[in-house]
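Please give me a tour of this model in my viewer. Tell me what to select at each stop and what is there.

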Amino acid sequence: MDKYKTQKEETLRLLSVLENATQMSLDLFFMRVEKSKKPESRYSIKERVRPRDAYYILKEENAWWKNDTQSKNYYFAWYRGQELDIAFVDDLQDIERFKSEGHLALIKTSTHKYQALFKLSQKVSEEKLLEIQRVLREKYGGDIGAVSPWQMKRLTGFLNTKYAL
């Protein structure tokens, strides 16, 4: 029996949504974060990967076990150097409005914490995505410090060890 089966399924579901929604590539990272401690530096696992391949890289990394036993938190960011067609809001506040409007994905990152992904009708530059994300953050509420197009996004299926214990 795989102890992390449900968590792996959550991660795969998100990566499948991204694979079907965009041609963009991802960078994968981890950081060791413990409650009441400053996070360590971020470490790159792999750059410029397709969402469909990210799951297998995480599986090879034994990421769910490391999250559980070593307090490693796993993230993705959009690969730099590409036009972007998915916008992001961290710590989304107006969850009901988001759900009622049927946007791309709502990611539960810990108790009462959500990230939102919005599919854009066309690819845009980094500067334009920054503007769009600021507008979305104002409309739905969210973290004012997390609007960079290159913001790391927590992967579903992993315990947020910052709030654990």
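**Stop 1: a loop**

Select aspartate 91, which lies in the loop between strand 4 (84–90) and helix 4 (95–101). Helices (H or I, at least four residues) and strands (E, at least two) are DSSP runs, numbered from the N terminus. The phi of aspartate 91 is near 55 degrees, a positive value in a residue other than glycine. Most residues other than glycine have a negative phi.

Before moving on, note that this is a predicted model: local features need pLDDT of at least 70, side-chain atom pairs count only at pLDDT 80 or more, and totals for chains, interfaces and linings use all residues. Residues are numbered from 1 along each chain as its sequence is written, and side-chain values use heavy atoms, with hydrogens and water left out.

**Stop 2: another loop**

Now pick histidine 112, in the loop between strand 5 (105–110) and strand 6. Its phi is near 65 degrees, again a positive value in a residue other than glycine. Is histidine 112 buried or exposed? Histidine 112 counts as exposed, because its relative accessibility is 70%. The cut-offs are these: buried means under 20% relative accessible area, exposed over 50%, partly exposed in between (1.4 Å probe, protein chains only).

**Stop 3: leucine 117**

Move to leucine 117, in strand 6 (residues 113–124). Leucine 117 counts as buried because its relative accessibility is 0%. Show its contacts (heavy atoms within 4.5 Å).

**Stop 4**

Two packed helices are described by the angle between their axes and the distance between the axes. Axes are lines fitted to C-alpha atoms, for helices over the stretch in contact, and angles run from 0 to 180 degrees between N-to-C directions.

Select helix 1 (residues 5–21) and helix 2 (residues 51–61): they pack at about 155 degrees, with axes 7 Å apart. They are therefore roughly antiparallel to each other. Angles under 35 degrees count as roughly parallel, over 145 as roughly antiparallel, 65 to 115 as roughly perpendicular and the rest as oblique. On the helix 1 side, show Lys8, Thr11, Leu12, Leu15, Leu18 and Glu19; on the helix 2 side, Pro51, Arg52, Ala54, Tyr55 and Leu58.

**Stop 5: helix 2 and helix 3**

The angle is about 50 degrees and the axes are 6 Å apart. This pair is therefore oblique. Tyr55, Leu58, Lys59 and Glu61 of helix 2 meet Ala63, Trp64 and Lys66 of helix 3.

**Stop 6: the rings**

Which residues form one aromatic cluster? Select Phe30, Tyr43, Tyr55, Tyr56, Trp64, Tyr74 and Phe158. Rings of Phe, Tyr and Trp (its six-membered ring) pair if their centres lie within 6.5 Å; planes under 30 degrees apart count as stacked, over 60 as edge-to-face and the rest as tilted. By this rule there are ten aromatic pairs. In one of them, phenylalanine 30 and tyrosine 43 are stacked, 5.2 Å centre to centre with 25 degrees between the planes. Phenylalanine 30 is buried, at 13% relative accessible area. Tyrosine 43 is partly exposed, at 37%.
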